[in-house]
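Work through the exercises below with the sequence and the model open. Try each task before you read its solution.

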Amino acid sequence: MKKYLFIFLCCISCEKEIFIEFPIESQKIVVEGGIETDMPPYVILSKNQGYFDEINSSTYNNLFINDAEVIVWTLDENGIADSVYLQLLPPPFDSIPIYTDINYLTSLTNPPYANLNGYNFSKSGKTYNLIVRWNNQEITSQTTIPNPTPLDCLWVEKNEFSDLDYKFDIRAIYNDPADEQNNILIKYRKKIHWDVDTVNWILKDHKDEFMELMDAGTDVLIDGQRFETYFPHKGDGNIPTLPYNSSRYKKYQDNITGFEDSIYVPNDVVIIKFCQIDEPAVKFWRSIVRQFGSNGNPFQEPLNIVSNIEGGYGGWTGFGAVYYKIPIIDGYTTDSPLPLDSIEIIDVF
Amino acid sequence: MKGKIFTIILFIFFSISMLGQTNFTISGYVQDNESGENLIGVSIYDRNTFKGTATNQYGFYSLTLVKGKYDITYSFVGLESVTKNISLNKDTRINISLENNSILTEEVIVKGEKLDKNITSSNMSQVKIEVNNIKQLPVILGEVDVLKSAQLLPGITSNGEGSSGLYVRGGGPDQNLILLDEAVVYNASHLFGFFSVFNADAIKDINIIKGGMPAEYGGRLSSVLDITMKDGNNKKYEADGGIGLLSSRLTLQGPVQKDKSSFIVSGRRTYIDVLSRPFLNKIDPETGEPNAFSGSGYYFYDLTTKINYRVSDKDRLYLSGYFGRDVFSFANSDNGFAIAIPWGNATGSLRWNHLFNNKLFMNTSIIFSDYRFEFNLAQSDFEFKIFSGINDWNTKVDFLYQPNQRHTIKFGANYTYHEFTPGNATGKSGDVEFAPDEIYRQYSNEGAIYFSNDFELSDDIKINAGLRYSSFQHNGDISFFNYIKNDLTLNSDNYRHIEPRLSLRYKLNTTSSLKGAYTENYQYIHLASTSSVSLPTDLWVPSSTAIKPKFARQYALGVFKNLKDNMYETSLEAYYKEMTNLIEYKEGYLPEDNTNSSSDDSFTFGDGDSYGVEVLVKKNQGKTTGWIGYTLSKTTKYFDEVNNGLSFPAKYDRRHDLSITATHKLSKSWVLSGVFVYASGNSITLPTERYVIGGDVYTQFTSRNGYRVDPYHRMDIGATYTPSKKKKKFKSTWNFSIYNVYSRKNLYFIYFALEGIDENVENQNIQNGNVEPKAYQVSIFPILPSITWNFNF
């Protein structure tokens with residue numbers, strides 16, 4: 001009872017719904033696009049909408065733009081422009097419209113994995129320009145693909161704060177290049193994540209469909225240092241703090257028969273994408289992280305996403321990326337990034 | 001420039017115009033007979049001619065009159081006036097002790113100064129707040145708050161519900177010079193802005209200047225809040241204290257050497273953390289489960305102390321200090337996550353008063369001021385710390401020279417060495433520490449000399465003319481010591497400015513006057529905030545090559561009228577203030593962009609203006625006292641890189657601001673009080689668009705401060721009960737307050753939610769749910785009764 005009294009005292013504040021009308025100022029194109037070494041560029045296009053407009057599956061799908069002209073160009077060694085026209089991915093990758101070089105996709109020898117020889121157009125150190133034309137609007141952007149910096153090694157280690165013996169962290173050692181103002185972006189995807197449906201006691205794979213953003217930032221504090229770090233995943237609060245699951249037996253009792261048994265749950269398998277990105281791109285990704293973290297914080301001075309798109313919203317990023325595949329098995333260690341032909345194209349997007 | 005030269009000529013002219021007459025000076029100190037405290041603002045005047053003066057901040061006065069006979073009266077609130085018949089034929093020293101007046105306590109007089117001073121003084125836009133009076137006003141959660149009381153005056157607004165920040169005539173919170181015994185207090189609030197750091201038990205005097213700033217003050221654009229701490233009872237030992245809902249406090253004072261030296265120590269601490277501790281046990285007593293939030297809590301405390309020593313009749317020493325801390329901690333053992341955020345001020349002042357002769361008084365001070373903020377985060381074996389602060393060493397000398405009854409001349413010099421620690425960060429991962437080779441600091445020198453003359457040109461016209469010459473030198477990350485030692489030619493940013501100050505009074509008759517004021521002010525240090533409210537994370541930054549000093553020019557005009565033998569005091573003031581080089585973070589600024597380095601590239605600069613009319617009707621005498629204050633104003637900002645270059649209202653822009661304050665002495669035991677406040681709603685920025693990236697919704701905000709929220713209003717009532725225990729040594733009072741009597745739901749903040757996602761439905765999200773964005777207004781502080789018990793023995 002005392003507890004509830006205390007909670008009451010703490011929660012003396014009250015709230016009421018208010019109604020605010022703000023019409024949308026202008027229809028703008030929103031870009032989510034990237035290009036990385038040996039991989040085809042990709043662009044997802046959508047539109048902005050009024051803040052208080054309702055969102056449902058129909059309005060959500062209508063946000064995406066699937067009739068735009070999308071061009072990526074760069075200068076080759078001779079200073080001559082080289083360009084690629086991007087087109088929409090065909091099924092089964094059309095759950096959202098993704099523009100990319102579909103000629104490359106049709107050339108895949110072992111789909112959905114990338115070709116071992118790579119994609120000649122995209123090389124680190126080069127600058128890539130984006131042009132999008134849609135609905136009498138033209139928006140442009142520019143990004144550079146930095147050189148990738150691999151991690152020294154990664155390993156799987158028991159999470160010291162969890163009481164559950166199957167909760168593990170992915171840890172790594174990173175050696176940051178000294179005197180280089182590099183910027184880091186980390187993404188992850190639970191490629192396999194089995195969980196138990198506790199009603200029917202069957203296994204379900206709750207894997208992530210796409211890469212998830214873990215964090216982005218500059219190396220201002222870690223410049224030139226070699227140190228240990230770890231790569232958690234997002235939980236309910238969407239802040240990445242959580243460990244992964246290794247294999248375990250989950251006990252259960254059938255409510256009807258009273259029969260006791262256990263079910264074997266395999267370990268998670270996680271893809272880590274560790275990238276170097278340029279300065280305008282890190283500003284975009286940091287503002288994404290910051291707005292996500294402060295969304296709804298009424299004391300935060302409103303922070304718009306910092307876009308590097310001229311005339312539109314969103315970001316166009318060159319990734320100097322390395323990929324790691326980590327099975328969550330106690331003691332697993334690797335220092336080898338995935339070779340090109342072991343990277344799933346979906347992890348590039 | 002011609003105008004400035006003319007002002008200097010006027011000084012010289014005025015200063016020599018009274019030479020050649022036979023004048024003698026009465027001077028001395030005035031103190032409270034019971035406590036021995038020096039009294040500030042005691043009126044000393046001749047009853048026949050009403051020529052007079054007032055005691056200064058140290059209780060000293062000097063009155064020079066032509067040879068003759070005078071009836072000199074010394075009067076002060078709540079104390080019995082004393083009249084001395086003096087035959088003035090030589091310089092005379094008279095120290096006076098004023099005794100408690102039991103008759104006056106029946107009928108309250110709220111002013112601690114000459115009753116028509118508002119008419120006769122050349123100053124305008126200045127208010128003295130009596131601590132004893134604000135202690136009788138209704139308070140929130142039992143906490144008497146100096147800053148919240150100041151917000152009830154016209155021209156001064158708060159930032160909203162619960163905020164103790166001051167916004168004076170369109171100026172931001174960093175434009176107020178807040179002084180505690182001459183030491184600058186950089187963050188004057190506890191509990192994220194809800195309460196001020198000043199413990200009313202330790203305060204003797206509060207003087208607020210919101211316009212017509214005299215030349216002895218500078219370094220800020222908008223206002224001065226000059227707070228003087230009590231000296232301590234030099235007659236007997238005394239203890240005061242109080243127990244409230246939020247905090248308790250205790251003040252001890254007494255003589256170190258009777259009539260020669262005294263001390264005062266005053267402390268205050270909240271007990272939210274102590275009260276909540278049983279609910280945050282390591283093991284939850286009801287469930288037996290580990291409590292994930294064990295270790296979380298919040299508290300603040302402050303300690304004020306002062307000691308004074310009367311070295312001789314001409315020399316006095318004062319040593320005073322303040323130390324306060326807020327500590328917020330949050331722990332969640334489920335994921336090994338812990339945060340600790342301590343912040344606070346520390347100040348110290350050593351002052352020496354010296355009387356050269358009956359006409360020339362000097363105060364010399366060495367002052368230390370420090371504000372620091374820390375944010376500590378630990379998760380797993382990672383530790384992260386970000387810290388910032390500002391540290392000042394200040395020395396100043398002030399002279400008060402009163403050559404005759406028509407002149408009060410002030411001059412002096414001031415030097416401050418600033419050490420800024422902008423956002424620095426360190427970290428640790430396992431055994432590896434991330435730390436810059438050295439903490440990034442910036443160093444600046446700020447100086448000023450000033451001269452002013454408060455001069456009575458005729459019986460009707462009085463002028464206060466002053467000049468302040470200020471300078472600021474920013475050495476970047478090179479300390480002054482190294483700057484001198486290594487290379488005097490090192491590049492640094494230098495700013496030098498002349499700041500004219502002029503106030504003028506024209507007396508229409510014995511009960512009314514017209515006044516005008518013109519001031520120019522430069523401000524060399526700036527507060528940068530990424531938050532919509534004042535938070536301890538806000539960063540003080542110096543002027544540099546990129547950051548120019550702020551500048552304000554203010555014009556004010558006023559008409560003052562007293563009625564019914566000074567029982568009613570009325571005024572109407574109009575002002576126009578223009579400000580340049582105001583500072584804001586660039587749109588899209590991220591604090592980590594400038595970690596461990598200068599923040600200069602993070603800012604954008606613009607201008608602002610504010611104009612308004614202020615009305616004050618005040619009743620000073622009788623059983624019922626109080627005031628009505630109303631302000632009609634508009635404050636606008638102009639930044640090329642904010643809001644697409646379009647003008648926008650300041651977030652504290654208030655079109656209407658009304659406050660009514662009343663105190664009624666019902667009987668010897670009961671005093672009733674009430675406050676009513678009405679203000680136009682704040683201007684805020686709201687989201688207008690959204691878009692999707694990576695399956696998540698992001699927001700686009702436009703039109704800075706383009707939405708005005710509902711008006712703010714509330715009524716508070718209070719009662720103070722003093723049990724009548726005649727001649728008993730132990731005295732106590734009970735203060736009963738009801739804050740927000742009719743439980744008005746005033747806006748504290750607006751938040752937005754995407755509603756419609758059913759958490760019980762697997763994998764439901766914005767793609768497949770039927771989501772409706774909604775806006776909610778959150779209000780804190782509904783009707784809040786409180787009770788405080790105060791004691792004295």
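**Exercise 1: the domains of chain A**

Task: state the domains of chain A and describe how domain 1 and domain 2 are placed.

Solution. Chain A is assigned domain 1 (25-146 + 303-313) and domain 2 (153-274 + 319-348). These bounds come from an automatic or database domain assignment. Next, take the spacing: the C-alpha centres of domain 1 of chain A and domain 2 of chain A are 27 Å apart. Then take the contact, to which domain 1 of chain A gives 17 residues and domain 2 of chain A gives 12 residues. Two residues are in contact if their C-beta atoms, placed from the backbone, lie within 7 Å. Last, sort the side of domain 1 of chain A that touches domain 2 of chain A: nine nonpolar, six polar and two charged residues. Here Ala, Val, Leu, Ile, Met, Phe, Trp, Tyr, Cys and Pro count as nonpolar, Asp, Glu, Lys and Arg as charged, and the others, Gly among them, as polar.

The model is predicted: local features need pLDDT of at least 70, side-chain atom pairs count only at pLDDT 80 or more, and totals for chains, interfaces and linings use all residues. Residues are numbered from 1 along each chain as its sequence is written, while chains are lettered from A and ligands numbered from 1 in the order in which they are written.

**Exercise 2: strand 47 of chain B**

Task: find the two faces of strand 47 (residues 712-721) of chain B and the partners of this strand.

Solution. Strands are DSSP runs (E, at least two residues), numbered from the N terminus. Start with the faces. Tyr712(B), Arg714(B), Asp716(B), Gly718(B) and Thr720(B) point to one face and are buried. Buried means 20 or more other C-beta atoms within 10 Å of the residue's own; exposed means 12 or fewer, and partly exposed lies in between.

Now pair the strands, which takes at least two DSSP bridges. Strand 42 (residues 670-679) of chain B runs antiparallel to strand 47 of chain B, with 10 bridges. Strand 48 (residues 731-739) of chain B is also an antiparallel partner, over five bridges. Ala719(B) stands opposite Leu672(B) and opposite Phe736(B) in strand 48 of chain B.

**Exercise 3: Ala753(B)**

Task: is Ala753(B) buried or partly exposed?

Solution. Locate Ala753(B) in strand 49 (residues 749-755) of chain B. Ala753(B) is partly exposed, because 14 other C-beta atoms lie within 10 Å. Leaving out residues up to four places away in sequence, Ala753(B) touches Lys774(B) and Tyr776(B).

How values were computed:
Helix = DSSP H or I, 4+ residues; strand = E, 2+ residues; numbered from the N terminus.
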